Amino acid sequence: MGLFDKVLKDVTKGLQDAAKAVEEETKAVADGLKDKAAEEAVSDAADTVGKGASDVMDDLKDAVDNMNASIKEADEATKDITPEQWEQATSYLESMAKDALKGVRVCFECDEPVKGDQKFCPKCGAELPAETVMEMALCKKCSKQNDVGTDFCTGCGAKLPYKEYKEAFQRKKDDKVLEGWKDKIPQYPVWSCGGTDFELTKLEENRYFFGAWFEKDPEGAEAAVEKYRAVLKENGFRTAGEYPSDEHLYKMVDGICCHADTEHCFDGGADSPGVYFMIDDEPRGGFNYVKPEPKKKSGDLFGKLFK
Ligand SMILES: [Zn+2]
Ligand SMILES: [Zn+2]
């Protein structure tokens, strides 16, 4: 190694060492700064939390003070009232409430209470019931006046007019849904399933959903779905495609493949079955899918051997 090379090497090494030292120093300074910043942040946060907590405690204390003051006031105001007077006061309030409810009828469509003898709801236009809410809570069997909005008489268990009316109202609504079926999905037979609270919704173009409700009767719901599959088949629907299953039934109507999907019937719950109707929806492999013949073995081995 010549002198020039040695000098060059020493200088280079010196420079590298210096650079390394600077780098280490910088890192140490940076770490120190980071620690300091973190320390400050923690102490700031602690200050904030402490301040917030004390504010909250003050608010809480105020609220408790106010509540205690109210309780004391109420105690003062009612300390001379006898149990008999209490009884009297409550029954008076009750009779006032009952009086106020006389002549009040409630719209079954939108729950609006209406006083007076209007025939139609001023809020939504639905026909109002002929009976008032009080009349609907009066038992026809044992004459007990039940609380407004009671379904069954607490005196004898009979179904009250309120419940009768509610059911009749729902039936009317359900009939309307079924009437609209022909306009929406005439390709499919109507499913008058036996449940209640029908809905027939258009989800998107050529996609519909029909749902019903079977209160506490999942077996009834299951049977209704089974029955509808049979009705579909009686009406020319059949399994099709590569994976035939009764849960998906198809029919060609005017050259368009109509699909009734009962596979996801109970996704919404065991007592609320629903069927999807999909127009223009061919199954995988096509409506007239034919399973291909298994490939024949090439040649006849037995024949070949004994020719
Ligand atoms: Zn209304
Ligand atoms: Zn009764």
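**Labels and the numbers behind them**

Tutor: Of the chain's 307 residues, 23% count as buried. Keep in mind that this is a predicted model. There are seven helices and seven strands, and along the sequence they run α-α-β-β-α-α-α-β-β-α-β-β-β-α.

Student: Let's start with the metals. Which residues hold the zinc ion (ligand 1)?

Tutor: Its protein donors are the SG atoms of Cys107, Cys110, Cys121 and Cys124, lying 2.3 Å from the ion. Along the chain, these donors follow the spacing C-x2-C-x10-C-x2-C.

Student: Why is the arrangement around the zinc ion (ligand 1) called tetrahedral?

Tutor: Look at the angles. Four donors count as tetrahedral if all angles lie between 85 and 135 degrees. The four donor atoms here subtend angles of 104 to 115°, so the arrangement is tetrahedral. For comparison, the ideal angle for four tetrahedral donors is 109.5 degrees.

Student: What makes Cys121 buried?

Tutor: Buried means under 20% relative accessible area. Cys121 has 4%, so the label is buried.

Student: Now the zinc ion (ligand 2): which residues are its protein donors?

Tutor: Cys139, Cys142, Cys153 and Cys156, each through SG, lying 2.3 to 2.4 Å from the ion. The spacing of these donor residues in sequence is C-x2-C-x10-C-x2-C. Cys139 and Cys153 are 14 residues apart, and both sit in the loop between α3 (133-136) and α4 (161-179).

Student: How do you know which geometry the site of the zinc ion (ligand 2) has?

Tutor: The test is again whether all angles lie between 85 and 135 degrees. The angles among the four donor atoms are 102 to 114°, and the site is tetrahedral.

Student: Are Cys139 and Cys153 buried or exposed?

Tutor: The cut-off for buried is under 20%. Cys139 is at 4%, so buried, and Cys153 is at 5%, so buried too.

Student: On to charges. Why do Lys123 and Glu112 count as a salt bridge?

Tutor: The side-chain nitrogen has to be within 4 Å of a carboxyl oxygen. For Lys123 and Glu112, the closest N and O atoms are 3.8 Å apart, so the pair passes. Lys123 is in the loop between β2 (113-115) and α3, while Glu112 is in the loop between β1 (104-106) and β2, 11 residues away. With 58% relative accessible area, Lys123 is exposed, whereas Glu112, at 26%, is partly exposed.

Student: What is the N to O distance between Glu167 and Lys159?

Tutor: That salt bridge has 2.9 Å from N to O. Lys159, Lys163 and Glu167 are also linked in a network of salt bridges. In total, the structure holds 10 salt bridges.

Student: How does the reach of helix α2 compare with the expected value?

Tutor: Helix α2 (residues 83-101) has 19 residues and reaches 27 Å from first C-alpha to last, close to the 27 Å expected at 1.5 Å a residue. After α2 comes Gly103, with a positive phi near 80°.

Note on methods. Residues numbered from 1 in each chain as written. Chains lettered and ligands numbered in written order. Predicted model: local features only at pLDDT ≥ 70, side-chain atom pairs only at ≥ 80, totals over all residues. Heavy atoms only, no water. Donors = N, O, S within 2.8 Å, 3.2 Å for Na, K, Ca; no water. Tetrahedral: all angles 85-135°; square planar, octahedral: opposite > 155°, others 65-115°. Buried < 20%, exposed > 50% of the residue type's maximum accessible area, 1.4 Å probe, protein only. Helix = DSSP H or I, 4+ residues; strand = E, 2+ residues; numbered from the N terminus. Expected span 1.5 Å × (residues − 1).
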